[in-house]
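My notes follow the order in which I looked.

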Amino acid sequence: MMLMDLSLFTYIKFKVTKNEFDNFCPFQLSKSSTVHIIFPSFVNNSSFIIEICRILLMDKCIISWIYFLLLLCGATIGEAEYMRYKDANQTINARIEDLLKRMTLAEKIGQMTQIERKVASADVMKKYFIGSVLSGGGSVPAPQASAEDWIKMVNELQKGALSTRLGIPMIYGIDAVHGNNNVYKATIFPHNVGLGATRDPELVKKIGEATALEVRATGIQYAFAPCLAVCRDPRWGRCYESYSENHTIVQQMTDIILGLQGDLPVNFSKGAPYVGGKDKVAACAKHYLGDGGTHDGINENNTIIDSHGLLSIHMPAYYNSIIKGVSTVMVSYSSWNGVKMHGNYDMVTNYLKNKLHFRGFVISDWQGIDRITSPAGSNYTYSVQAGVNAGIDMVMVPYNYTVFIDDLTSLVNKSVVSMSRIDDAVRRILRVKFTMGLFENPLADLTYTDQLGKKEHRELAREAVRKSLVLLKNGNSSNQPFLPLPKKAKKILVAGTHADNLGYQCGGWTIQWQGDSGDITVGTTILNAIKSTVDPSTTVIYSANPDSTIMKENDFAYAIVVVGEPPYAETAGDDLNNLTILDPGPVTIETVCGKVKCAVIVVSGRPVVLEPYVPLMEALVAAWLPGTEGQGVADVLFGDYGFTGRLPRTWFKRIEQLPMNVGDSHYDPLFPFDFGLTTKPGQAGYSVNGAYRKVAKRISFLILSLIVALVL
């Protein structure tokens, strides 16, 4: 019997045997069965209700009255209704359709809503049927929160989602772009530009596997990675998030999706999303489309290019991602020839969904629909209309979710946004949730907490650092290499702002959105790596910016100078006029390398101006943004491993040349795309003893010349 709308009630069910009911009830059950009772929604303690019911069932005198009262409350007693969407044995499509037909408009729009954890609570999840939550850059449960802290927070929100009428679990997303980089003690891998230098898709896949485990260690199921931008101008502040200026390399690196989500089963349906188990996460190909080609490298700007250029340079990696089962695609802030991608129906719906047959869900970027208008947010209702009608399925609101929900509800009620568009969005979201087993395993446990910062993951990151290093100069002639350096020397100098700064080493998107300076997490600085690598008899002197006095008062065998860029992310990293290393880096190079033979290591997210300083140095290494495992730098610098990395992008001479990519008519680089000198493990490089012998030979020659002159 149903007396009122189900949304006003709490649904309770419990098992009883035939004998329990046959003896006491005024009706008969044919077998052991389930009692399902609908109580007013304010009665929400199910275990309390069930226990009361079991006690009352044993009382012969009042059971008839209970039955009568239950009928008055709108209770039904008998066989439980079969919920097909809860049956894991059903096909995913059958489960989707069964659930979709049960959902109200409010429940559907709730699934399309992603909110920031700062405004989320169990009550909000339940009241608004929220489908997803995220942590923005630096958004954490507590400073230096443990894996257990993260799990507790995620589960609390999940329980709110599960307490809704239909119990649809939420999916939690995070920017795990080089490891689970928001989380203290997580393994921080090199940023994508460094991984592009490795040319090693299998390594990148392993990094995806490790990242998935470290994300799951915190109870999170969804990573906003990988970034598939093809950065065509290093002035762009997100260039380090791009694997290369060459789309072929970016395509190869999409193997990280297989690491994050798992290898596809045989005969898997092309275009469908895939997540292979509780130790995997949903991945996100971003930012669709053309984000790396904006005019002058300005973030969120206009990509001015014909359709052939867009499809041949910026699209190919998305083909690979869809074939590999990527679960979600994030739309770019940027425009294509003046049309905002967040409102581009032709590219989002017609091309991505219809032509490429992508069947996962499309998500906006952070406040992405707001930026459809200029200024951003000036006509939010129109932004909702344009974004959803363009084909965006889930909107990263992230704060003013009630405004988004109200506006979209109104637009549907006015038939400005069709119910079929809403249903398409929800089907896609549910498909990902069913595929990844979220309905069967919605709550996280402590199974994977030991994966956070695991030793094996740090060793993998160390390997990635080794393979990412690009040797740009090695000695002043090919037969006199400077690297590798000898481990044994009387005294060596390590200098530069980036030698002993873990935050600088990791770059942006590390602990904080913009990154930070200093010991922001757990890891090994390049300085500490050098100290642990050299012979115990070698004295290591460190000075961030040594002056001439230090250079005069010490007899250094050689010097290692580590300089580079400060951390940054997105628009804050746009640099249209300079692209120089952080002060006092240039002065440090001149002071040190002008007095002693030196190797310069550049820690940066992109090529920077170096041409004036190259003649001063014996060796030059591009280390990119190596992450927490600085030991990988020392491994190669001192010859335990060889240099193998190759430039993933062109190293320009002067900023006035930009944009300049391989194949351009004005191509005149300092170091060309794909350049990289190599060394072999144990190869002889600079020899301190050899240097002494050269000096001795010169002195001997001078003495001999003097003797000959005197005799004559």
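These entries cover the strands, the nonpolar cores, the aromatic pairs and one glutamate.

I am working from a predicted model.

Entry 2, the open sheet. I looked up the strand order and found an open sheet of 5 strands, running β7-β6-β5-β4-β14 with parallel pairing. β7 (222-223) and β14 are the edge strands; each has a single partner, so one side of each has no neighbour in the sheet. I then checked how β14 is attached. Strand β4 (residues 113-116) runs parallel to β14 and is joined to it by 2 bridges. T113 has V395 of β14 as its bridge partner.

I asked how many of the residues of β19 are buried. The count is 6 of 6, so the strand is largely enclosed by the rest of the structure. C598, V600 and V602 point one way from β19, while A599, I601 and V603 point the other way, and all are buried. Strand β18 (residues 559-564) runs parallel to β19, with 6 bridges joining the two.

Which residues touch the most other members of the largest nonpolar core? They are Y288 and L408, in a core of 114 residues. Helix α17 (residues 419-435) gives the largest share of this core, 7 residues. I listed the contacts of L408, leaving out neighbours within four places in sequence: I109, M112, V384, V388, V417 and I422. There is also a second, separate core of 70 residues, and V494, A495, V562 and W651 are among its members.

I found 13 aromatic pairs in the structure. I noted two of them in detail. The pair W366 and Y399 is edge-to-face, with 5.5 Å centre to centre and 85 degrees between the planes. W366 sits in the loop between β13 (361-363) and α15 (380-390), and Y399 in the loop between β14 (395-396) and α16 (401-413), so the pair ties together parts 33 residues apart in sequence.

W624 and W651 form a tilted pair, 5.9 Å centre to centre with 45 degrees between the planes. This pair links distant parts of the chain, 27 residues apart: W624 is in the loop between β20 (619-622) and α23 (631-637), and W651 is in the loop between α23 and α24 (688-711). W624 counts as buried at 1% relative accessibility, and W651 counts as buried at 0%. W651 is the residue I had already listed in the second core.

Two further items on rings. Y85, F434 and F439 form one aromatic cluster. R466 lies over the face of Y641, 3.8 Å from the ring centre.

Where does E618 lie? E618 is in the loop between β19 (598-603) and β20. E618 is buried, with a relative accessible area of 12%, because the cut-off for buried is under 20%. What does the side chain of E618 make a polar contact with? The partner is the side chain of N476, at 3.3 Å. Beyond four places in sequence, E618 is in contact with K473, N474, G475, N476, F482, K597 and C598.

Technical notes. Residues numbered from 1 in each chain as written. Predicted model: local features only at pLDDT ≥ 70, side-chain atom pairs only at ≥ 80, totals over all residues. Heavy atoms only, no water. Phe/Tyr/Trp six-rings, centres within 6.5 Å; stacked < 30°, edge-to-face > 60°. Helix = DSSP H or I, 4+ residues; strand = E, 2+ residues; numbered from the N terminus. Buried < 20%, exposed > 50% of the residue type's maximum accessible area, 1.4 Å probe, protein only. Lys NZ or Arg CZ within 6 Å of the ring centre and 35° of its normal. Polar contact = N/O pair within 3.5 Å; in protein donor to acceptor, adjacent residues only side chain to side chain. Contact = heavy atoms within 4.5 Å. Pairing = 2+ DSSP bridges. Core = buried A, V, L, I, M, F, W, Y, C linked by side-chain atoms within 4.5 Å.
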